[in-house]
Amino acid sequence: MQVILRQLGDCNIRRAEPSDLISVMEINLKTLPEHYSDYFYESLLAELPEAFIVAEIGGKHVGYIMCKTEYGFSNFKKLGFVKKGHVVSIAVLDEFRKKGIGRALVEESVNGVKLRKCDEFYLEVRCSNNEAVRLYEKLGFVIRQQLNAYYRDGEDAYLMAIEL
Ligand code: ACO
Ligand code: ZN
């Protein structure tokens, strides 16, 4: 059964299902240089379906966000050990950007990781990716670290995090 989380005009924001994964992989291939195995997508959906979300317009997939949970050191509390949600990847097809879809995907994934009682939510983003950094900042994420040469091409990442 499809779980529709919200509607933005003609765009449905809903939980992903196994039959969505091929389209999600296609969006990932078109929009980002970081790609993953089929198995990895399947395992994220199996492990955290509450925060694996797709955006769909008239049956066409236009965006996704997928996340996982981890236990580890807090990005806020010194020596604190916490449960963290982690945004693995988010993207919206170019033609469908700047309509609020990215924001809705992040907000709904925040709700999803809260259902799993995460204390914090974090992600890495290329330092040059102004659009994404601005979106995360608007939603309350703050830059907590700069990760040197985090990407394969040598670019640094910002680690951005929010307390839930
Ligand atoms: N009319 C005009 N502008 C609007 C509207 C609207 N109705 N709704 C939102 N906007 C504006 C927002 O205010 C925002 O602008 P601002 O940052 O200048 O204030 C801008 O549109 C973007 O917000 P959204 O529309 O919510 O986000 P979008 O759907 O464009 O998706 C995303 C953002 C996901 C970063 C997209 O640019 C993308 O897919 N980029 C390529 C992939 C990528 O870089 N992903 C992130 C990698 S990091 C990681 O995965 C953890
Ligand atoms: Zn990451």
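Okay, the sheet: eight strands make an open sheet, ordered β1-β2-β3-β4-β5-β6-β8-β7, with mixed pairing. Strands here are DSSP E runs of at least two residues, helices are H or I runs of at least four, and both are numbered from the N terminus. Two strands pair if DSSP finds at least two bridges between them. At the edges you have β1 (4-8) and β7 (142-147), each with a single partner strand, so one side of each has no neighbour in the sheet. On average, neighbouring strands are turned by 25 degrees against each other, direction ignored.

Before I go on, a word on where this comes from. This is a predicted model, where local features need pLDDT of at least 70 and side-chain atom pairs count only at pLDDT 80 or more, while totals for chains, interfaces and linings use all residues. Residues are numbered from 1 along each chain as its sequence is written, chains are lettered from A and ligands numbered from 1 in the order in which they are written, and side-chain values use heavy atoms, leaving out hydrogens and water.

So, start at the β1 end. β1 and β2 pair antiparallel over four bridges, with Leu8 partnered by Cys11 in β2. Together β1 and β2 form a hairpin with two residues between them, and Gly9 in that turn has a positive phi of about 60 degrees. β2 (residues 11-15) is mostly covered, with four of its five residues buried; buried means under 20% relative accessible area, exposed is over 50%, and partly exposed is in between, using a 1.4 Å probe and protein chains only. β2 then runs antiparallel to β3 (residues 53-57), joined by five bridges, and Arg15 sits opposite Ile53 of β3.

Further along, β5 (residues 81-92) and β6 (residues 120-126) run parallel and share three bridges. There, Lys84 is opposite Glu120 of β6.

Now the helices. What about α1 (residues 21-31) and α2 (residues 38-47): at what angle do they pack? About 120 degrees, with the axes 11 Å apart. Axes are lines fitted to C-alpha atoms, for helices over the stretch in contact, and angles run from 0 to 180 degrees between N-to-C directions. That makes α1 oblique to α2; under 35 degrees would be roughly parallel, over 145 roughly antiparallel, 65 to 115 roughly perpendicular, and the rest is oblique. From α1, the contact uses Leu21, Val24, Met25 and Asn28, and from α2, Asp38, Tyr41, Glu42 and Leu45. Contact, by the way, means heavy atoms within 4.5 Å.

Who else do these helices meet? The buried residues of α1 are Leu21, Ser23, Val24, Met25, Ile27 and Asn28, and they pack against α2, β3, β4 and β5. In α2 the buried ones are Tyr41, Ser43, Leu44 and Leu45, and their cover includes α1, β4 and β5.

Let me zoom in on Leu44. At 2% relative accessibility, Leu44 counts as buried. Leaving out residues up to four places away in sequence, Leu44 touches Pro49, Phe52, Met66, Cys67, Lys68 and Val88. The C-alpha atoms of Leu44 and Val133 are separated by 23 Å, and the two residues are 89 apart along the chain.

Last one: α4 (residues 130-138) lies across β5, β6, β7 and β8 (157-163), running at about 160 degrees to β6. Okay, over to you.
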